[in-house]
Amino acid sequence: LHLGHEIDGVFGAAVHLGVTRLPPEAAPLGDGNGLNLLLGERDRREQVVEIGEAWPVARFTRSRDPDSARHRASIALGRIGGPIARDRLLELLVENTGDPRTDGLTRAYAAGGLALLKDPATAVDLLLALSSINPNDNVAALALEGTPGNYVPVDAQVGDALLAMGVWDVEEDLVDQMKRRAWIRVLIDAHAVLRRHTGLDLPFRYNGSYDDRNADAEAWRAKLRETRPARRAERRFDASGARFRARVGQMIDWIGGPKVNDRYIAEKVLQRLGHIAVPFLTDALRSDNRVAQREAAVVLGRIGDPSAAPALREALSLKDDDARASVIEALRLVGDREAKDAVVARLDDPDPEVRSAAARWLETLGGPVDLEVLRGALEGETSPATVLALLCALATHGAAEADAKLLDRFVEGELLERMAALAALRRAHPGWEADAAAPREDRLRAAEGFRRE
């Protein structure tokens, strides 16, 4: 063992002699070609895992030669495991050398190494690492295919790692990747990752037209949603580990903390964790921290998991006005129809934002609604936003008198007001076509045509 200074000598001899732990003085000093050789042979590749400490291999991930053992050393780190390997792979994941091609390859191999760890707590570490990227000015964000405003982008390689760790909610991010007008390798990789992790074998015409790819991707989305409950039950996420609970607990502390940027990052991380984060977020709803209550409701709404509905209904009585409004909006987003009576009662809430949220819930989820209740709520309402929401709810549930008022807002209102009015009128009258962003003259003609019809 002490005769070799190249990695061929140290690691090669160790593998052949069955050594399972290398002493520090045997740290590899060569250029890493031997590690390439070892990792390229399937029977030896599995044995590399048994060669102890991660730090000798980590040295080779710092090579600047893209043709060296650097990338395969990342895979070796994943097989060796441990905190040294994890921390180095997370560094590589977001490395920014200024060369998108090099950074993209480095990220792909680092994500592959992280996938081999299969550690639930590392899922939080990975999402936090990605959240440090500024997609507006960081070259690594281009490799991650991020867009401004999305601080936790997910592509095929990152999705592969997260799915290996049990974060099932990123499946639909990969479906979105399949729909992109992108390099064909991006589409193929996303499809391959979904097939491998879900066991589903739906076709995907990556060489077809954009419409063909879009149709196939949506078929994948529908099948994933149909089979997800059974697949989750078969492979439950292990949230019992102390490190995982500590990492998620830190994110919960951040959403209730004073730093706006920390709250933003924590919200994105928890949203990406999806249903895994729901129990932690519902606990935050029951805390005494009003900021945490509000932000937890916001994230639960974005996750959209129906299992959060009972805790959200319980939180309708929170003292904070913003928190109550966020809770009602979350109930709408998770599709909870059982909250109807409690939401109707909030039409008399002293806070206009809460009343607006209640009206929006009734507009989209209310089912049969007593129109007199909505008309009574509209009478004397002074908040413009709440008036608009109540008019939209009335129109959706067939109150003809609301149509004319919404048409006026569609023609003369600000863009967001026009969009809300148009959405309500379309729900009430599905055949009507119009564009809220069109010039006023076009909107006026559309409104006149609506009245004639």
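Predicted model: local features only at pLDDT ≥ 70, side-chain atom pairs only at ≥ 80, totals over all residues.
**Overall make-up**

The protein chain has 26 helices and 0 strands. It holds 453 residues, and 51% of them count as buried. Take the contacts in the protein chain with a separation of 6 or more: residues 24 or more positions apart account for 61% of them.

Two packed helices are described by the angle between their axes and the distance between the axes.

| Helices | Angle | Axis distance |
|---|---|---|
| Helix 12 (residues 184-198) and helix 13 (residues 210-234) | about 20° | 12 Å |
| Helix 21 (residues 352-365) and helix 23 (residues 384-396) | about 15° | 8 Å |

Start with helix 12 and helix 13. They pack at an angle of about 20°. Angles under 35 degrees count as roughly parallel, so helix 12 is roughly parallel to helix 13. The crossing of these two helices is left-handed. Which residues of helix 12 meet helix 13? They are Leu-187, His-191, Leu-194, Arg-195 and Thr-198. On the helix 13 side, the partners are Arg-213, Trp-220, Leu-224 and Arg-231. By class, the residues of this contact are 4 nonpolar, 2 polar and 3 charged.

Now turn to helix 21 and helix 23. Their angle is about 15°. This makes helix 21 roughly parallel to helix 23. Helix 21 passes helix 23 in a left-handed crossing. Helix 21 brings Pro-352, Arg-355, Ser-356, Ala-359, Arg-360 and Glu-363 to the contact. Helix 23 brings Ala-385, Thr-386, Ala-389, Leu-390, Cys-392, Ala-393 and Thr-396. The contact of helix 21 with helix 23 divides into 7 nonpolar, 3 polar and 3 charged residues.

**A closer look at Thr-386**

Thr-386 lies in helix 23. Is Thr-386 buried or exposed? Its relative accessible area is 1%. Buried means under 20%, so Thr-386 is buried. What does Thr-386 touch, not counting residues up to four places away in sequence? Its contacts are Pro-352, Arg-355, Ser-356 and Glu-381. Among them, Pro-352, Arg-355 and Ser-356 are in helix 21 and meet helix 23.

**Aromatic pairs**

A pair of aromatic rings is described by the distance of the centres and the angle of the planes. The structure holds 3 aromatic pairs. One of them joins Phe-244 and Phe-280, with 6.0 Å centre to centre and 70° between the planes. This pair is edge-to-face. It links distant parts of the chain, 36 residues apart. Phe-244 sits in helix 14 (residues 242-255), and Phe-280 sits in helix 16 (residues 278-285). Both Phe-244 and Phe-280 are buried.

Phe-410 and Trp-432 form another pair. Their ring centres are 5.4 Å apart, and their planes are at 70°. Planes over 60 degrees apart count as edge-to-face, so the pair of Phe-410 and Trp-432 is edge-to-face. Where do these two residues lie? Phe-410 is in helix 24 (residues 401-412). Trp-432 is in the loop between helix 25 (415-428) and helix 26 (440-452). The two residues are 22 residues apart, and their pair links distant parts of the chain. Both Phe-410 and Trp-432 are buried. Phe-450 joins in as well: ring pairs link Phe-410, Trp-432 and Phe-450 into a cluster.

Technical notes
Residues numbered from 1 in each chain as written. Heavy atoms only, no water. Axes fitted to C-alpha atoms, helices over the stretch in contact; angles between N-to-C directions. Helix = DSSP H or I, 4+ residues; strand = E, 2+ residues; numbered from the N terminus. Parallel < 35°, antiparallel > 145°, perpendicular 65-115°, else oblique. Left-handed = near helix turned anticlockwise from the far one by under 90°. Contact = heavy atoms within 4.5 Å. Nonpolar A, V, L, I, M, F, W, Y, C, P; charged D, E, K, R; others polar. Phe/Tyr/Trp six-rings, centres within 6.5 Å; stacked < 30°, edge-to-face > 60°. Buried < 20%, exposed > 50% of the residue type's maximum accessible area, 1.4 Å probe, protein only.
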